[in-house]
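Open the structure in your viewer and keep the selection tool at hand. Each stop below says what to select and what is there.

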Amino acid sequence: MINVGIIGATGYAGGELVRILVNHPEAKIKWFGSRSYVEQKYADVYRNMFEIVEDKCFDDNIEKLVQEVDVVFTATPQGYLAGILNEELLKKAKFIDLSADYRLKDVSVYEQWYQIKHKSPQLIDKAVYGLCEINREQIKGKNLVANPGCYTTCSILTAYPLVKENIINPNTLIIDAKSGTSGAGRGAKIPNLYCEVNESIKAYKVASHRHTPEIEEQLGYAAGEKICINFTPHLVPMNRGILVTEYANLRKKENGEYPSNVEVREIYNKYYKQEKFIRVLKENEVPETRWVEGSNYVDVNFVIDERTHRIIMMGALDNLVKGAAGQAVQNMNLIFGLKEDLGLNFVPVFP
């Protein structure tokens, strides 16, 4: 049995970790960490856990925590884990970080986009980017995993096969992304109040969203060169879900023709046909957030615009599951040599 500690267990992502792990056959939560609710019963914070979780919330005493657990999930703001993590702690427990502290390999890029000083840059190279379908082998047995962001998971997986196979010009990539309000976290913020969000949709952080360099870095590895993209997120008045619509120029083949619909579909199937949690939809079907809600699935598809020689790629996922907690559990399974989908085989919720 894997003993688990969660720091930030009362945020949305932390709460989703609890929901998944209470039913995981090989894991037991030993530490429900929360600065805001120390000594309060977890089930009084999240009433869906009434008579399911009897534990109280603890503080974030990391030294004590690593003595009691095998793995620590940090569902915390940027800068938290980087400020406390060191080599000694990594010897005592595995860490899966849901923040961006170890996602970007260039510390100057992290500090530029997140506007904070990185407190442990010497550990960045010890971390592996936890996008399981791409970095599966590197994740196994790792001590420090940087769990990808929700926007980035959907954006990268939707375009990855075509970037990797040089089917599109990645520098022409435009990503239009839409997220439910839980993506902003559980903290009280005026822009996220019901009256501010309901019956409205808006773009935000235009040309400046901090997930941009993460997408560029990971797709750049696939392309074999640095790339530059446009990424625009939007806030949608729904609880969960991310939908991305991505546009890029197709590259001509050696014979001067553009790739066909059949060829592109073969490429998606080459990368994803054996992937449990990525579903390539049938022709003329489009991803919808309602068909992945509450699950660890990503639905993807594409349409080729013959008139403009551009391709429109689409992807949908649940931002709290595959975009956060579900992917983190997927990473835990890989780290400890368990079956990758263990504890994650739940069907999307509808309606």
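This is a predicted model: local features need pLDDT of at least 70, side-chain atom pairs count only at pLDDT 80 or more; totals for chains, interfaces and linings use all residues.

Residues are numbered from 1 along each chain as its sequence is written, and side-chain values use heavy atoms, with hydrogens and water left out.

**Stop 1: helix α8**

Select residues 150-164, which make up helix α8. Helices (H or I, at least four residues) and strands (E, at least two) are DSSP runs, numbered from the N terminus. The expected span of a helix is 1.5 Å times one less than its number of residues. For the 15 residues of α8 that gives 21 Å, and the end C-alpha atoms are 21 Å apart, so the two agree.

Now select Thr158, where α8 bends by about 35°; the bend is the angle between axes fitted to the seven residues ending there and the seven starting there. A proline, Pro161, follows within four residues.

How much of α8 is buried? Of its 15 residues, 14 are buried, so the helix is largely enclosed by the rest of the structure. Buried means under 20% relative accessible area, exposed over 50%, and partly exposed in between (1.4 Å probe, protein chains only). After α8 comes Asn166, with a positive phi near 60°.

**Stop 2: aromatic rings**

The whole structure holds 10 aromatic pairs. Rings of Phe, Tyr and Trp (its six-membered ring) pair if their centres lie within 6.5 Å; planes under 30 degrees apart count as stacked, over 60 as edge-to-face and the rest as tilted.

Select Trp31 and Phe58, a tilted pair with 4.8 Å from centre to centre and 35° between the planes. Trp31 lies in strand β2 and Phe58 in the loop between α2 and α3, so the pair ties together parts 27 residues apart in sequence. Trp31 is buried at 3% relative accessibility, whereas Phe58 is partly exposed at 30%.

Next select Tyr110 and Tyr114, whose ring centres are 5.1 Å apart with planes at 25°, so they are stacked. Both lie in helix α6 (residues 107-114), about one turn apart, and both are buried.

**Stop 3: His234**

Select His234 in strand β9 (residues 230-235). His234 is buried, with a relative accessible area of 13%. Beyond its neighbours within four places in sequence, its contacts (heavy atoms within 4.5 Å) include Tyr151, Asp176 and Lys202.
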